[in-house]
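Have a look at it yourself before reading on.

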Amino acid sequence: MRIERVNSNKIRIFISKEDLREWNVDFNSVTGNTPAAQNMFWSMMERAEREVDFHAEGSQLIVEAVASNIDGFIMQVTKVSDEEAGANAARREKIKNNNYRIRRKVKFSNGSANYIYKFNNFDDLVEATKQISPRFLGQSKLYKFGGEFFLHITLGENEPGVAIDNTLIEYGRKIMYHAISDGFLSEYADVLIENSAVEALANNF
C-alpha cells in the first residue's frame, strides 16, 4: 500500500491485491459499506495522518475507487471544505428551473444494495444510463455537486449487478462508502432528479 498526497485536501492510496487479501476484502466489499471495508478505510486514514499529515476526522469526504490495470485499485479521498459545501447549498435554490430537473419523492431502502457513481460530464452520464436502462429495474437518483454528477442507484432483486457496475465504471467512477457519500450529497448537493433518474436520462436525452 502506498499513500500519495495530492494537495491539502486530496490523497491517493494505491492498494494492491496483497493488501486486499491481508484485510480479507475484495473490490466489491470495499466499494460497499461492510464492516471489514470500514475498518480497512479508517486504518488507512490513520496511516495517511501519520505518513502524509492528512487529517480526515470530522471532515466531509468523497471517496472514489478506480480500478488499476496493473494490480489492485486506486482510492482517491477528497475533503470537501465547509466553504465549498456551504456555497453549493446556497446555490441549490437557483437551479430549480434547470431543463433536466425532475422533482419527485423517493425513499431508498436501508436493506438494499446502494451504490454511487461520479461522472465528470453530462454526456458520459447520459450514455451510461442508455447502456444500463434496458436491464436496470431498481431505483435511482441524480445529484450535482461541484460541477460533477453523482448517480445513486439501488439495485432491485435478481438484477445483473456486475454487468451494470461494469458499464457504469466505463463512463464514470465508483464512489466508496455510500453511507458517508450519500449523507453528504443529501445535505449539500443539488438534487437534479429525485426518482427514476436512469430512465429519465436514457429516455429524454
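This is a predicted model: local features need pLDDT of at least 70, side-chain atom pairs count only at pLDDT 80 or more; totals for chains, interfaces and linings use all residues.

Residues are numbered from 1 along each chain as its sequence is written, and side-chain values use heavy atoms, with hydrogens and water left out.

**The overall build**

Let's start with the big picture. The protein has eight helices and nine strands; both are DSSP runs, helices being H or I with at least four residues and strands E with at least two, numbered from the N terminus. Of its 205 residues, 45% count as buried. Buried here means under 20% relative accessible area, exposed means over 50%, and partly exposed is in between (1.4 Å probe, protein chains only). If you take the contacts with a separation of 6 or more, 74% of them are between residues 24 or more positions apart. A contact means heavy atoms within 4.5 Å.

Now find helix H8, which covers residues 197-204. Its buried residues are Ala197, Val198, Ala200, Leu201 and Ala202.

The pairing with H5 can be looked at in more detail. The axes of H5 and H8 are 8 Å apart, and the two helices pack at an angle of about 105°. Axes are lines fitted to C-alpha atoms, for helices over the stretch in contact, and angles run from 0 to 180 degrees between N-to-C directions. So H5 is roughly perpendicular to H8, the word used for 65 to 115 degrees (under 35 is roughly parallel, over 145 roughly antiparallel, and the rest oblique). From H5, the contact uses Phe122, Leu125, Val126, Thr129, Lys130 and Ile132; from H8, it uses Val198, Leu201 and Ala202. Sorted by class, that contact has seven nonpolar residues, one polar and one charged. Nonpolar covers Ala, Val, Leu, Ile, Met, Phe, Trp, Tyr, Cys and Pro; charged covers Asp, Glu, Lys and Arg; the others, Gly among them, are polar.

**Salt bridges**

The structure holds eight salt bridges. A salt bridge is a side-chain nitrogen of Lys or Arg within 4 Å of a carboxyl oxygen of Asp or Glu. The table gives some of them.

| Pair | Closest N and O atoms |
|---|---|
| Arginine 2 and glutamate 4 | 3.7 Å |
| Glutamate 4 and arginine 12 | 3.2 Å |

Glutamate 4 has a bridge to arginine 2 and another to arginine 12. Arginine 2 is partly exposed at 46% relative accessibility, glutamate 4 is partly exposed at 28%, and arginine 12 is partly exposed at 28%.

Are lysine 118 and glutamate 64 buried or exposed? Both of them are buried.

Next, go to arginine 5 in strand S1 (residues 2-7). Arginine 5 is partly exposed, at 34% relative accessibility. Leaving out residues up to four places away in sequence, arginine 5 touches Lys10, Ile11, Val52, Asp53 and Phe54. Phenylalanine 54 is 49 residues away from arginine 5 in sequence, but 7.7 Å away in space, C-alpha to C-alpha. A polar atom of the arginine 5 side chain lies 2.8 Å from the backbone oxygen of valine 52, and one lies 2.8 Å from the backbone oxygen of aspartate 53.

Aspartate 53 itself lies in the loop between helix H3 (35-52) and S3. Aspartate 53 is partly exposed, with a relative accessible area of 47%. Its phi is positive, about 60°, although it is not a glycine.

Asparagine 24 is another residue to look at: its phi is near 60°, a positive value in a residue other than glycine. Asparagine 24 is found in the loop between helix H1 (17-23) and helix H2 (27-30), and it is exposed, with a relative accessible area of 68%.

Methods. A polar contact is a pair of N or O atoms within 3.5 Å; within protein, one must be able to donate a hydrogen and the other to accept it, and residues adjacent in sequence count only if both atoms are side-chain atoms.
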